[in-house]
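Visitor: I would like to learn how to read a protein model. Please show me one and let me ask about it.

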Amino acid sequence: MNSIERSDFSTIGIWRDDMKVDQEEVKAFVTEKGRKYVIDNVITRCPTNALSLNDDDTLAVDNRNCVRCMHCINVMTKALSPGDDKGVTVLIGGKRTLKIGDLMGTVIVPFMKLDTEDDYERLKEIAGNTIDFFAENALEHERTGEMIERIGLVNFLEGVGLDVDPNMVSEPRRSSYVRIDNWDEEAQKWTDRKAEEARIAA
Ligand code: SF4
């Protein structure tokens with residue numbers, strides 16, 4: 001959370017497959033703590049209502065709506081754990097007050113693997129492009145987030161060579177960043193890119 005609020009360029013560990021659930025450990029946790037405790041401290045504290053306690057004390061997880069906040073996993077440490085397909089989300093532009101008020105980071109890379117040397121090189125390339133763009137375009141005493149506010153996210157993404165993706169998020173679950181000018185063309189580009197990625201992965 002700190003990095004989203006403060007860092008110009010933050011990387012957050014994430015997984016994209018399903019959360020792992022040990023239902024026997026869930027039952028043991030419910031037996032030890034009681035249903036009320038589990039409902040008050042785990043189920044109702046999920047920010048996206050992605051959890052439900054079943055009648056038999058097992059846990060149902062709506063993985064599509066889980067935003068990977070880690071709350072339930074931090075409370076039920078034996079029963080729940082992240083999935084296996086891990087990587088990072090890259091956010092840009094978080095900052096405390098300076099020229100304008102506080103800004104949260106915007107998701108510019110929803111998910112990337114960070115396993116191989118090539119993956120790290122790609123991350124360094126994005127960071128390097130961002131620094132170069134900042135050096136050429138930022139005003140004096142401006143932070144990255146402020147520069148993006150001033151010039152527009154589309155211009156920033158084009159400047160650093162990142163394709164617009166509907167999974168980019170400026171405010172989680174409120175305003176996913178979707179480019180709507182030339183919609184059909186942009187949608188086709190995204191579809192083509194995904195098909196090409198699938199072809200390479202096959
Ligand atoms: S990780 Fe967060 S969003 Fe996902 S199910 Fe748990 S509490 Fe809900």
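This is a predicted model: local features need pLDDT of at least 70, side-chain atom pairs count only at pLDDT 80 or more; totals for chains, interfaces and linings use all residues.

Visitor: How many helices and strands does the protein chain have?

Guide: Helices (H or I, at least four residues) and strands (E, at least two) are DSSP runs, numbered from the N terminus. By that count, the protein chain has eight helices and seven strands.

Visitor: Into which domains is the protein chain divided, and how far apart are their C-alpha centres?

Guide: The bounds come from an automatic or database domain assignment. Domain 1 covers 2-13 + 85-201, and domain 2 covers 17-81. The distance between their C-alpha centres is 31 Å.

Visitor: What percentage of the 202 residues is buried?

Guide: Buried means under 20% relative accessible area, exposed means over 50%, and partly exposed lies in between (1.4 Å probe, protein chains only). The C-alpha atoms fill a box of roughly 60 × 45 × 35 Å along the principal axes. Of the 202 residues in the protein chain, the buried share is 34%.

Visitor: Among contacts between residues at least 6 apart in sequence, what percentage joins residues at least 24 apart?

Guide: Contact means heavy atoms within 4.5 Å. Among the contacts in the protein chain that link residues at least 6 apart in sequence, the share joining residues at least 24 apart is 60%.

Visitor: How are helix 5 and helix 7 oriented to each other?

Guide: Two packed helices are described by the angle between their axes and the distance between the axes. Axes are lines fitted to C-alpha atoms, for helices over the stretch in contact, and angles run from 0 to 180 degrees between N-to-C directions. The axes of helix 5 (residues 117-137) and helix 7 (residues 153-160) come within 9 Å and cross at roughly 120 degrees. Angles under 35 degrees count as roughly parallel, over 145 as roughly antiparallel, 65 to 115 as roughly perpendicular and the rest as oblique, so helix 5 and helix 7 are oblique.

Visitor: Which residues of helix 7 meet helix 5?

Guide: On the helix 5 side, the residues are Asn129, Thr130 and Phe133. The residues of this contact divide into three nonpolar, four polar and no charged (Ala, Val, Leu, Ile, Met, Phe, Trp, Tyr, Cys and Pro count as nonpolar, Asp, Glu, Lys and Arg as charged, and the others, Gly among them, as polar). On the helix 7 side, the residues are Asn155, Phe156, Gly159 and Val160.

Visitor: How is helix 5 placed against helix 6?

Guide: Helix 5 and helix 6 (residues 144-151) pack at an angle of about 65 degrees, with their axes 11 Å apart. At that angle, helix 5 is therefore roughly perpendicular to helix 6.

Visitor: Which residues of helix 6 make the contact with helix 5?

Guide: Helix 5 brings Thr130, Phe133, Phe134 and Asn137 to this contact. The residues of the contact of helix 5 with helix 6 divide into four nonpolar, three polar and one charged. Helix 6 brings Thr144, Met147, Arg150 and Ile151.

Visitor: Is Asp57 buried or exposed?

Guide: Asp57 sits in the loop between strand 3 (51-53) and strand 4 (59-61). Its phi is near 70 degrees, a positive value in a residue other than glycine. The relative accessibility of Asp57 is 19%, so Asp57 counts as buried.

Visitor: What is the phi of Met70?

Guide: Met70 lies in the loop between strand 4 and helix 4 (71-75). At 28% relative accessibility, Met70 counts as partly exposed. Met70 is not a glycine, yet its phi is positive, at about 80 degrees.

Visitor: Leaving aside neighbours within four places in sequence, which residues are in contact with Asp22?

Guide: Asp22 is found in the loop between strand 2 (20-21) and helix 2 (23-33). With a relative accessible area of 35%, Asp22 is partly exposed. Beyond its neighbours within four places in sequence, Asp22 is in contact with Lys78 and Ala79.

Visitor: How far apart are the C-alpha atoms of Arg64 and Arg16?

Guide: Arg64 lies in the loop between strand 4 and helix 4, and at 81% relative accessibility Arg64 counts as exposed. Arg64 and Arg16 are 48 residues apart along the chain, and their C-alpha atoms are separated by 9.5 Å.

Terms used. Residues are numbered from 1 along each chain as its sequence is written. Side-chain values use heavy atoms; hydrogens and water are left out.
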